[in-house]
Amino acid sequence: MPMVKDYLKNNFKHGIEAGKLQYGVGQEIASAEVAEILATSNIDWLFVDGEHGSHSLQDIFAIARAVAAYDVHPVVRIPEAGTGIIKQLLDGGIQSFIVPKVETAEETENIVYWARYAPRGNRGFGATAVRAGRYGRHADYLEREVDEICILPQIESRRGLENLDAIVKVDGVTGIFLGPIDLSVDMGHVLDIFHPEVADAMDYMIKRIRELGKPVGTIALTPEQAKHFADLGVSFLALGSDTSFLVSGADNTLSTFRKAIEG
C-alpha cells in the first residue's frame, strides 16, 4: 500500500535553512493528547523537552505519532549528549534534536559523529527496519537522511559563547539553539534574561551565527522580545509551553469568574 505522505521530508529543517520563521511551543507534559491539542493550533514545530520534562522514549514516539497527521514537526531536546539516545531517537523517526549545554567544538563533533553513518560517523544501520524508514517502505532512507536530519547544539553558557565560532563551523551542524535562561544563570544574573549583559550576548550570538551562514533559534518570553529576535534574523522561536498555558489559563479563568460573581 503506497504511503500518502513523505515522512522523510523535514519541513522544519528546510524552513529554517531558507530563513522562513518557524513558530513553536514547548511540551513538558509527557502526553500524546497534549501534543495533539498543541498541534491543532497551527504551530510549525513542537519543542519536546526531554531535558526537563518527564518524557521517556516511548512518550516521545507517541507524541511524534500523534502530531504526524498535522503540519507540525517534533523537535526533541535530549537530556544530554550520548550515542545511545541519539541513535534510538533517530531510528524511532525523530529527525530533529536539540542537544543542551554544548560548549566546545569537540563535543559538537561527537554529536555529529553519533548521528551519522560511516564513514562520517558510527551510527549503526537499522533504520529501514524501524520507524525511521517507515519499516522498509522508505528504501531511499540512506540516500536522503543527511539532507533531512537536523542537528541543533544548544549554547547556554559563557564557555559556549567563547567557543561559538568553532561550534557553528563543525560540519554537520544544521543550526544553533540559544538558551537565554541558563545563560543568564551562568553569567550570575539568576533568571534575568533581560539583563544588559545577557541581552548583548544574545544579540551578538544571533548576528554572528547568521554571519557564519547557519540558522539560529531561541526562546522568547514576550512578544516584544520575539519581534526583536526575529528582526535580528532568528529562524525558529519557542513561544511558551503547555505548563505555562495551563497555569495562565487556570488563573485567568478563575480570576474572571470570581470577579463576575463576587464583584
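Analyst: Start with a definition. An axis is a line fitted to C-alpha atoms, for a helix over the stretch in contact, and angles run from 0 to 180 degrees between N-to-C directions. Helices (H or I, at least four residues) and strands (E, at least two) are DSSP runs, numbered from the N terminus. This is a predicted model, where local features need pLDDT of at least 70, side-chain atom pairs count only at pLDDT 80 or more, and totals for chains, interfaces and linings use all residues. Residues are numbered from 1 along each chain as its sequence is written, and side-chain values use heavy atoms, without hydrogens and water.

User: How do the axes of helix α2 and helix α3 cross?

Analyst: Two packed helices are described by the angle between their axes and the distance between the axes. Here, α2 (residues 32-39) and α3 (residues 57-67) have axes that come within 8 Å and cross at roughly 35°. The crossing of α2 and α3 is right-handed: the near helix is turned clockwise from the far one by less than a right angle.

User: Which residues of α2 and α3 meet?

Analyst: Contact means heavy atoms within 4.5 Å. From α2 come Ala32, Ala35, Glu36 and Ala39; from α3 come Ala62, Ile63, Ala66 and Val67. By class, this contact has seven nonpolar, no polar and one charged residues. Ala, Val, Leu, Ile, Met, Phe, Trp, Tyr, Cys and Pro count as nonpolar, Asp, Glu, Lys and Arg as charged, and the others, Gly among them, as polar.

User: Which residues of α2 are buried?

Analyst: Check the cut-offs: buried is under 20% relative accessible area, exposed over 50%, partly exposed in between (1.4 Å probe, protein chains only). An α-helix has 3.6 residues a turn, so residues three or four places apart point the same way. In α2, the buried residues are Ala35, Leu38 and Ala39. Seen down the axis of α2, they fall within an arc of 100°, so they line one face of the helix. That arc is taken from the directions from the helix axis to the C-beta atoms. Their cover includes β1 (22-27), β2 (45-49), α3 and α12 (242-262). On the face turned away from the buried side, α2 carries the exposed residues Glu33 and Ile37.

User: What does the sheet of eight strands form?

Analyst: Strands of a sheet pair through backbone hydrogen bonds, either parallel or antiparallel. Two strands pair if DSSP finds at least two bridges between them. Here the strands make a closed barrel, β1-β2-β3-β4-β5-β6-β7-β8, with parallel pairing. On average, neighbouring strands are turned by 25° against each other, direction ignored. Take β3 (residues 73-77): three bridges pair it with β4 in the parallel sense. Valine 76 stands opposite phenylalanine 97 in β4.

User: Which way do the residues of β4 point?

Analyst: In a regular strand the side chains alternate between the two faces of the sheet. In β4, Ser96 and Ile98 point one way, Phe97 and Val99 the other way, and all are buried.

User: Where is the cis peptide bond, and which residues other than glycine have a positive phi?

Analyst: Most residues other than glycine have a negative phi, and most peptide bonds are trans. The cis bond joins alanine 118 and proline 119, with omega about 10°. Asparagine 42 has phi near 75°. Asparagine 42 lies in the loop between α2 and β2, and at 70% relative accessibility it counts as exposed. Tyrosine 135 has a phi of about 60°. Tyrosine 135 sits in the loop between α5 and α6, and counts as exposed at 52%.
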